[in-house]
Amino acid sequence: MPIRPPINFPRWLETNAHLLQPPVNNFCLYREKDFTIMAVGGPNERNDYHVNETEEWFYQYRGAMLLKVVDEGEFKDIVIDEGAMFLLPANTPHNPVRFANTIGIVVEAIRPKDSKDALQWYCREPVHTEPVIIHKESFHVNDLGTQLKPVIQRWMTDEELRKCKVCGKVAPPK
C-alpha cells in the first residue's frame with residue numbers, strides 16, 4: 001500500500017467540517033497498523049465513561065474541551081484548552097465533553113487482540129463518598145464508532161441497568 005500524502009488539516013476542515021457534527025461527531029483520518037487518528041467535533045452529549053487499556057492522546061485544535069476522569073477514586077475535570085495536548089494514561093475512566101464549534105484530534109492505539117474496552121456509568125447521588133459504578137459493559141474494540149452506539153442505547157432504554165445497587169436511585173439516560 002502506498003504512503004498517503006499529508007493532510008492539510010485547516011484545508012480539510014474547509015470542506016469536511018460537516019462530518020464532525022452530531023450525531024456522529026468524528027471522522028477517522030488515518031487507521032494503520034498501530035494507530036487510529038480521528039478528528040472530533042462538538043457538541044456531544046454522553047454520560048458514560050470509557051476505559052481502554054491503551055493511552056489516548058488529545059490535541060485541541062479549536063476551542064476548549066473538558067475531559068471528565070476518575071483518578072485515584074475521585075471525579076476530576078481536566079480542561080484541554082485550544083492549542084493544548086494531553087496524554088491520558090491507560091485504564092483511566094474518561095468522558096470527553098466537547099462543546100459546540102470545537103474541534104480536536106484524538107490518537108488511539110489499535111487494540112491488542114486480547115484487550116477489552118469498557119463503558120461504565122456512575123451513580124452521581126451525593127450519598128456516595130466515592131465513585132460507584134452502576135453498570136459496566138466490556139468488549140473488544142474493532143470499530144469504536146459503531147460499537148458504542150448499541151451499548152449506549154441499551155443503557156438509555158433499560159431502566160434496570162441505570163438503577164444503583166447501593167442507593168437504589170435510577171440514573172438519567174443522558
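The dialogue below takes the sheet and then the aromatic rings.

Modeller: This is a predicted model, where local features need pLDDT of at least 70, side-chain atom pairs count only at pLDDT 80 or more, and totals for chains, interfaces and linings use all residues. Residues are numbered from 1 along each chain as its sequence is written, and side-chain values use heavy atoms, with hydrogens and water left out.

Biologist: In which order do the five strands form the open sheet?

Modeller: Strands are DSSP runs of E, at least two residues, and helices are runs of H or I, at least four, numbered from the N terminus. Two strands pair if DSSP finds at least two bridges between them. Here the order is β1-β2-β9-β4-β7, with antiparallel pairing. β1 (26–31) and β7 (85–88) are the edges; each has a single partner strand, so one side of each lacks a neighbour in the sheet.

Biologist: How many bridges join β1 to β2?

Modeller: Five, and β2 covers residues 35–41. Asn26 stands opposite Val40 in β2.

Biologist: How do I read an aromatic pair?

Modeller: Rings of Phe, Tyr and Trp (its six-membered ring) pair if their centres lie within 6.5 Å; planes under 30 degrees apart are stacked, over 60 edge-to-face, the rest tilted. This structure holds eight such pairs. Tyr49 and Tyr122 are edge-to-face, at 5.1 Å centre to centre and 85° between the planes. Tyr49 lies in β3 and Tyr122 in β10, so the pair ties together parts 73 residues apart in sequence.

Biologist: Which pair is stacked, with planes at 5°?

Modeller: Trp121 and Trp155, with ring centres 4.5 Å apart. Trp121 is in strand β10 and Trp155 in helix α2.
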